[in-house]
Amino acid sequence: MPSYTAPVKDMQFLLHDVLQVGASGIPGYGDLDRAFTGAVLEEAAKVAEEILTPLNAVGDREGCKLENGVVRTPTGFKAAFRTLSEGGWMALDAAPEYGGQGLPYLMHTVVNEAFVSANMAFNMYQGLTHGAYSAILAHGTEEQKRQWLPKLVTCEWTGTMNLTEPHCGTDLGLLRTRAEPQADGSYRITGQKIFISAGDHDMAENIVHLVLAKAPGGGEGTKGISLFIVPKLLVNPDGSLGERNAVSVGKVEEKMGIHGNATCVMNYDGATGWLLGDLHKGMKAMFTMMNEARLGVALQGYAVAEAAYQNAALYAKERLQGRDVTGAKNPEGPADPLIVHPDIRRSLMEQRSFVEGARALTYWGATLIDRAHHGDEAADGLVGLLTPVLKGFQTDKGFDMAVQAQQVYGGHGYIEEQGMSQFARDARIAMIYEGANGVQALDLVGRKLTADGGRHVMAFFEMVKTEAKAHDADPRMAAFTEPLKAASKALQQAGMFFMAEGMKNPNAALAGSHDFLHMMGHVCLGLMWTRMAGAAYAALDAGTSDRAFHEAKIATGRFYMARQLPACAMHLGRIESGADPVMALAAEAF
Ligand SMILES: Cc1cc2nc3c(=O)[nH]c(=O)nc-3n(C[C@H](O)[C@H](O)[C@H](O)COP(=O)(O)OP(=O)(O)OC[C@H]3O[C@@H](n4cnc5c(N)ncnc54)[C@H](O)[C@@H]3O)c2cc1C
């Protein structure tokens with residue numbers, strides 16, 4: 001079975017050498033010194049390695065089962081969920097007034113990475129609860145916050161998000177679930193939702209469903225949508241659990257991966273619900289949950305790839321096949337280990353350089369969110385711009401890398417017993433949910449590039465330029481800054497092409513949206529590698545006791561710049577070919 005070791009040293013390097021959290025001036029970061037974050041991460045690593053990793057294959061094998069109207073989670077999930085809840089792991093960044101530990105979102109993100117790498121399906125129960133917590137915190141009344149948040153913070157109650165219906169996923173304007181106002185201020189919710197993650201299970205006393213529905217008077221399309229809190233069990237005025245609400249599980253879906261997470265059809269048959277946020281402004285409220293969820297999914301992309309990579313690297317060092325073309329490395333043995341072969345190295349370097357770059361991007365994104373939480377508008381704008389990039393790029397690449405890790409195992413990677421297939425199957429969903437990746441690209445090109453007159457994307461380009469320039473005096477950094485400048489220039493050229501051609505024919509921009517998202521992903525990772533290389537050189541210059549670690553960072557970054565950033569030229573070529581090659585065939589010809 002696959003193993004997992006939380007990369008605490010890499011996490012610490014990012015927090016302290018690259019992001020320099022202690023000196024960042026971000027409120028709440030002053031206490032995050034090396035000793036404190038190290039202690040938290042060592043404990044999180046134990047939970048991930050000793051509790052969650054062993055349950056990953058169990059969850060995959062057993063899946064979730066609907067028995068007499070109740071969903072049963074795999075063996076061991078319930079006890080592990082209780083252990084994590086009691087250990088306070090669900091509430092790291094929740095507000096202390098609701099029982100949380102009040103740490104920055106960044107710390108939640110870093111810890112979350114270890115838990116997702118260890119067991120993505122399990123961690124989703126907590127992840128969705130965190131999303132529900134954030135939505136109620138941002139949009140709930142004081143009474144709603146008091147009623148729902150403390151139990152969500154401890155995960156005694158868990159949360160879900162209910163958008164998708166059989167006939168609508170991307171196009172939520174089509175949704176049919178209805179909300180009828182009642183004399184007591186509540187609503188009766190009627191409709192069917194499908195594919196609801198963690199929709200039901202046996203690990204929490206109650207489940208707080210956040211449900212999008214249409215209330216009378218809201219008009220057509222997404223404008224008429226409101227968001228409702230619909231609990232599985234009604235809650236009495238004294239806080240105790242009351243009778244069962246009219247919400248039930250129709251079915252638990254059989255699916256490709258994340259078997260340990262219950263994906264449910266949910267039937268709302270006149271269930272009692274309460275409006276969350278403003279009437280007919282449900283999309284806005286749901287976006288609080290979805291933006292956070294998208295960053296969580298972006299993290300899933302590289303976190304699963306990290307676990308897959310670790311195993312591929314171990315296997316490549318053990319499996320004996322063929323000889324090193326430059327001379328035997330294991331002359332006493334029947335063959336050399338796989339790792340001597342350049343193509344295996346290429347694959348491992350692709351995986352490693354992606355994972356480490358994406359980790360840096362995700363943590364930096366978390367610092368922007370923490371800044372935005374404290375009213376930093378520029379950071380907020382940057383998060384809005386980068387969210388589709390993180391979600392789309394990191395999950396596309398995360399899946400590719402999980403497949404590459406599987407490939408290192410040859411035929412053994414295809415056999416379930418080895419566990420490598422689970423990584424590929426689990427990683428696949430991240431490209432689909434929280435807005436399929438095609439729609440992320442659409443969001444980036446159609447909305448985010450031009451948001452606020454293009455202010456945020458201009459600020460992004462300026463930041464890349466300034467950071468590259470800051471290393472001009474150090475010739476060692478040219479291997480990073482030169483490719484970064486070239487890739488950023490190509491990205492700007494693609495943006496200009498959209499502006500010029502998109503006015504004449506919107507398809508010209510949309511046909512290139514996927515390529516643009518990937519180009520921007522590469523530029524972001526190029527920027528991250530530039531930052532990491534700068535920090536690694538600084539550590540070497542200062543006489544670090546761990547030269548091998550910092551030299552490996554630089555070598556891995558050089559690989560990314562030399563072997564991955566050139567993809568930007570290909571993406572630019574595709575973009576500048578416009579819509580014609582894509583749209584040449586009539587729909588009837590397919
Ligand atoms: C395992 C699993 C868990 C899920 N969990 C949840 C959950 O907890 N809550 C929830 O509400 N939903 C959940 N979903 C639903 C998921 O978010 C949707 O499946 C997803 O948003 C896509 O919607 P759809 O399946 O209806 O596809 P469609 O909307 O039919 O889209 C099909 C394809 O067309 C593309 N497309 C659509 N419109 C456009 C366009 N205008 N331009 C270009 N391309 C377009 C999409 O990118 C996609 O590739 C889950 C799904 C799965 C499989």
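**Entry 1: polar atoms at the ligand**

I began with Leu163, where a polar backbone atom sits 2.8 Å from an oxygen atom of the ligand. I note here that the model is a predicted one. Next I looked up Thr164 and found a polar atom of its side chain 2.6 Å from a nitrogen atom of the ligand. For Ser197, I read a distance of 2.8 Å between an N or O atom in its side chain and a nitrogen atom of the ligand. I then checked the cover: on its own the ligand has 970 Å² of accessible area, and the protein covers 62% of that.

**Entry 2: the shell**

I listed 18 residues around the ligand, of which Leu163, Thr164, Thr170, Phe195 and Ser197 come nearest. Which elements give two or more residues to the shell? I found strand S3 (157-162), strand S5 (187-197) and helix H11 (437-448). S5 supplies the largest share, with 3 residues. Sorted by class, the shell around the ligand holds 10 nonpolar residues, 6 polar ones and 2 charged ones.

**Entry 3: Asn437**

I turned to Asn437, which I placed in helix H11. Is Asn437 buried or exposed? Its relative accessible area is 9%, so I wrote it down as buried, the cut-off being under 20%. The side chain of Asn437 makes a polar contact of 2.8 Å with the side chain of Thr395. Setting aside neighbours within four places in sequence, I found Asn437 in contact with Lys391, Gly392, Thr395, Asp396, Ala430 and Met431.

Notes. Residues are numbered from 1 along each chain as its sequence is written. This is a predicted model: local features need pLDDT of at least 70, side-chain atom pairs count only at pLDDT 80 or more; totals for chains, interfaces and linings use all residues. Side-chain values use heavy atoms; hydrogens and water are left out. A residue is near a molecule or strand if one of its heavy atoms lies within 4 Å of it. A polar contact is a pair of N or O atoms within 3.5 Å; within protein, one must be able to donate a hydrogen and the other to accept it, and residues adjacent in sequence count only if both atoms are side-chain atoms. Accessible areas come from the Shrake-Rupley method with a 1.4 Å probe; for residues, only the protein chains shown count as cover. Helices (H or I, at least four residues) and strands (E, at least two) are DSSP runs, numbered from the N terminus. Ala, Val, Leu, Ile, Met, Phe, Trp, Tyr, Cys and Pro count as nonpolar, Asp, Glu, Lys and Arg as charged, and the others, Gly among them, as polar. Buried means under 20% relative accessible area, exposed over 50%, partly exposed in between (1.4 Å probe, protein chains only). Contact means heavy atoms within 4.5 Å.
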